[in-house]
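Here are my notes on the aromatic contacts. Please read them alongside the model.

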Amino acid sequence: MARKKKKKSGGGGGGEGWLVTFSDLITLLLTFFVLLLSMSSLDRSIVKQVFAIFLDKPAFFVEKASGKITYRFKVLREIIARPFELLDNEQRIKDLLFPDDVLPKEISRSTLDKNLRVLKRPEGVALVLTDKLLFPVGQTSLTPAAEKILQQIADFISFWPAPVNIAGYTDNIPARTRDNYEIAAERALSVLTFFVKLGLDPARLSVSAYGPNFSIADNTTEAGRAQNRRVEILLKIHNKTYL
């Protein structure tokens with residue numbers, strides 16, 4: 001009597017049924033990596049807006065995608081947002097804006113302190129820079145040292161959540177060849193143009209020219225007139241702060 005042939009194990013697959021499970025695993029892994037890739041390529045502006053919703057803060061105030069705000073700018077921002085503490089913190093604001101390692105070699109610390117003031121305004125806080133820090137005598141083009149100073153201010157403004165106004169002023173002595181208002185306007189525009197060149201959004205910036213009006217020192221003395229020839233960079237603060 002003929003013997004019956006034994007059936008092969010594995011359901012006719014020649015013992016290769018494990019390949020089905022392995023291929024399913026590879027497919028799942030591939031899907032997972034595709035998902036990760038798609039998530040990593042999401043528009044960062046969308047991510048920033050989502051974060052802003054959960055933090056209950058304006059989207060602009062989420063840190064820039066290019067990097068987090070530096071510690072000194074974070075402290076500076078918190079101080080300026082409380083203008084009622086300004087008198088106690090004016091020197092600290094100067095030190096945070098211009099630490100020794102970023103101060104132009106052409107400008108000493110004492111020169112900076114004499115020609116930079118921080119003043120409270122109804123709309124916010126003004127960084128007041130005399131023409132000695134910014135322009136050659138009687139001119140409206142920025143000096144190389146002025147650009148280094150304004151670079152630091154621009155870096156800080158890039159993290160500031162509110163609009164910024166740049167205003168030009170003169171003393172009360174009439175200029176020989178041009179109107180004082182024209183000089184004030186050109187100087188303010190020079191600062192604004194430099195900020196835009198550095199990448200600040202023009203929509204956030206405005207410019208004003210007040211000429212000899214609204215003096216902050218006595219125009220009857222040379223020292224007073226030197227203080228009145230200035231550019232004010234006003235960091236506006238809304239009714240509620242965002243800090």
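**Aromatic contacts**

1. Phe 156 is buried, at 1% relative accessible area. Trp 160 is also buried, at 3%. Buried means under 20% relative accessible area, exposed over 50%, and partly exposed in between (1.4 Å probe, protein chains only). This is a predicted model: local features need pLDDT of at least 70, side-chain atom pairs count only at pLDDT 80 or more, and totals for chains, interfaces and linings use all residues. Residues are numbered from 1 along each chain as its sequence is written, and side-chain values use heavy atoms, leaving out hydrogens and water.

2. The structure holds five aromatic pairs. Rings of Phe, Tyr and Trp (its six-membered ring) pair if their centres lie within 6.5 Å; planes under 30 degrees apart count as stacked, over 60 as edge-to-face and the rest as tilted. Phe 156 and Trp 160 make a tilted pair, 5.9 Å centre to centre with 40° between the planes.

3. Tyr 169 and Tyr 210 are stacked, 5.3 Å centre to centre with 25° between the planes. This pair links distant parts of the chain: Tyr 169 is in strand S3 (residues 164–169) and Tyr 210 in strand S4 (residues 205–211), 41 residues apart. Strands (E, at least two residues) are DSSP runs, numbered from the N terminus.

4. Is each tyrosine of that pair buried or partly exposed? Tyr 169 is buried, at 7% relative accessibility. Tyr 210 is partly exposed, at 30%.

5. Arg 230 lies over the face of Tyr 169, 3.7 Å from the ring centre. The criterion: NZ of Lys or CZ of Arg within 6 Å of the ring centre and within 35 degrees of the ring normal.

Methods:
Helices (H or I, at least four residues) and strands (E, at least two) are DSSP runs, numbered from the N terminus.
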